[in-house]
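Reader: Please give me a close look at one part of this model, with the cut-offs behind each term. I would like the helix packing, the aromatic rings and a few single residues treated in one connected account.

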Amino acid sequence: AALEYVRSHPLEPLDAADFERACGVGVCVTPEQIEEAVEAVIGKHRAELLAERYHFNMGLLMGEARSRLRWADGKTIKNEVDLQVLHLLGPKTEADLEKKPKTAKARPVPAEKQKEAVVENGEVGMETRSLLEQLRGEALKFHKPGENYKTEGYVVTPNTMALLKQHLAITGGQVRTRFPPEPNGILHIGHAKAINFNFGYAKANGGVCFLRYDDTNPEKEEEKYFTAIREMVEWLGYQPYAVTHASDYFDQLYTWALELIRRGQAYVCHQKVEEIKGHNPPPSPWRDRPVEESLLLFEDMRKGKFGEGEATLRMKLVMEDGKMDPVAYRVKFTPHHRTGDKWCIYPTYDYTHCLCDSIEHITHSLCTKEFQARRSSYFWLCNALDVYCPVQWEYGRLNLLYTVVSKRKIIRLVETGAVRDWDDPRLFTLTALRRRGFPPEAINNFCARVGVTVAQATMEPHLLEACAREVLNEQAPRAMAVLEPLKVTITNFPALKALEVLAPNFPADESRGFHKVPFQPTVYIEETDFREEVDKGYKRLAPGQPVGLRHAGYVIAVQNIIKDASGRVIELEVTCTKSDVAEKPKAFIHWVSEPLACEVRLYERLFLHKNPEDPSEVPGGFLSDLNPDSLRVVHNALVDGSVLSARPFDKFQFERLGYFSVDPDSEEGKV
């Protein structure tokens, strides 16, 4: 509450009494109040509680009681809820302890509604509408276009209203956002939230979103990053309104830098980088040099008369974090990806970012929380130049456990051979997730679940996997595959030639079609689906214990076990009986016949610890935390012929095994 208060009163002096009131100082919550609040909540849900008993979602009672008593201790509320529920329902019975049966939720969606949802978010499915609804402007109390001055902390100058009027004339009152990645690395899961946030907010409010490459650091940029970034934005289902580059505006930015010097708001400085680093650097001895002198020296910087590190252009302001006079331009003798060697001075993020937002008439400049300390410099620079000033809004980063996302660390992983490249399926870059088989809808749904939070969110990978399973369950057709094949010969096969079995693509909805699977005297099953000795609880194939073959309509029973010289089982001879006359088997197993040989790669987590970069968890550094079993390659897996025509990134559910995606390494004759 204290942090929330300080954040929402950025500029005014702190009113101690008001602050303490907002933080709950001195509030006393009595046991009687807690008892009454819980009583009221239980009274409200009494009918459902009596009907569902202990299967009722008790978290709901907790949540409602807490919202009535903001400052009460959570543990005390929980104890009171438990006590009153016990009083109402009595002790748990046998029935209460049984797991609640899963009911299929039929959610009829009117045709026009369905269409609206699909159009609304490109390829993104129904679930993701929740993110759009969160972003409709209600969940975040954002300003309306043109009403920037209503935002807390926004600096109003004598020119503000005229500039806003002009801004509205250009944009027509439309919401404008931008996604501004640096083209020096591949996008990762954290960027997916930024993409969804910026593009989603614009889309939800009938606006547009720019894709702007922040290409102000010529040393680190490569063409492959530009292409990969755009590809990933489009893969997630979004189309940029325009693709722009900070370098498109280099001439304008340079002109404005001259103007800033003329206005006495910037100066050329010769302090070394080491001197101005850290928390309390000495003030620059060149801060008050004459304007004319700074203009001449800045021109010399542009002409290449200073070496790298010998001169910078600095702005005269103090930032929130106490940082003095941030650098606006530095010398770099590196040709630029787009402008060649026209420039040897390049603008910094602090100088470029807000001015590019201003040029593009961005209404909401959405960025992650760590840029909050730069909000005042953002407003200061636009106002120092008397140009339109957008509003910067911050939101919480999205991080995942069991991974690293920094470019430097991924490069180390590639160099040491721990992973193959940026798109290795064990990483959490977006290209890697695509290769692993994650559908874009699942990533968008995951961002929606994380929600529009101001706090940083650190999530478990299994939550992302759950989103993937939800989408794949609807999208990935079923097929049968055997990873460790055991040959089975049916000695009394009921036909002279192979039979054809029809297997449903989606067993829950047979209207979505079938595929043909050949069924002949030789089939292959998983080695693990046969045991010579039966122990308690084992239900699959064994001598004296028949099993059914999925979709085939036959039950098989072992007659003879064939072993190699070392005693390993290499083949079974069995007889088959039609399912409708045989006794019902304890289990049905998957199988293949006339299969396609393929390579299967089974992936696990790349790191053993939740935070591989945390020295207290992993003292030896992240490279010492690699999981030796993160990749297992099965060279001779067998899969049914229905996958033969599949293209890279097509996905299947191999029955009883899991979800699989065709890897781009596949080529003609080798899947």
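Author: Helices and strands here are DSSP runs, numbered from the N terminus: helices are H or I runs of at least four residues, strands are E runs of at least two. The model is predicted, so local features need pLDDT of at least 70 and side-chain atom pairs count only at pLDDT 80 or more, while totals for chains, interfaces and linings use all residues. Residues are numbered from 1 along each chain as its sequence is written, and side-chain values use heavy atoms, with hydrogens and water left out.

By the DSSP assignment, D341 sits in the loop between β6 and β7 (345-347). Accessibility is sorted into buried (under 20% relative accessible area), exposed (over 50%) and partly exposed (in between), with a 1.4 Å probe and protein chains only. D341 counts as exposed because its relative accessibility is 69%.

Aromatic pairs are rings of Phe, Tyr and Trp (its six-membered ring) with centres within 6.5 Å; planes under 30 degrees apart are stacked, over 60 edge-to-face, and the rest tilted. The Y329 and Y351 rings have centres 5.4 Å apart and planes at 55°, so this pair is tilted. Both Y329 and Y351 are buried.

F210 lies in strand β2 (residues 208-213) and Y241 in the loop between α12 (223-235) and β3 (242-245), 31 residues apart, and the pair links distant parts of the chain. F210 counts as buried because its relative accessibility is 6%, whereas Y241, at 46%, counts as partly exposed.

Now the helix packing. Two packed helices are described by the angle between their axes and the distance between the axes. Axes are lines fitted to C-alpha atoms, for helices over the stretch in contact, and angles run from 0 to 180 degrees between N-to-C directions. Helix α16 (residues 349-359) packs on helix α17 (residues 375-384) at about 65°, with 9 Å between the axes. Contact means heavy atoms within 4.5 Å. On α16 the contact involves D350, Y351, H353, C354, L355 and D357, and on α17 it involves Y378, L381 and C382.

In the loop between α16 and β8 (364-368) is H361, which counts as buried because its relative accessibility is 13%. Neighbours within four places in sequence aside, H361 contacts H167, I170, T171, R176 and Y388. H361 and A432 are 71 residues apart along the chain, and their C-alpha atoms are separated by 34 Å.

Last, helix α18 (residues 407-415) has K409, I410 and L413 as its buried residues. They fall within an arc of 100° seen down the axis of α18, so they line one face of the helix; the arc is that of the directions from the helix axis to the C-beta atoms. R408 and E415 are exposed on the face of α18 turned away from the buried side. Just after α18, G417 has a positive phi of about 80°.
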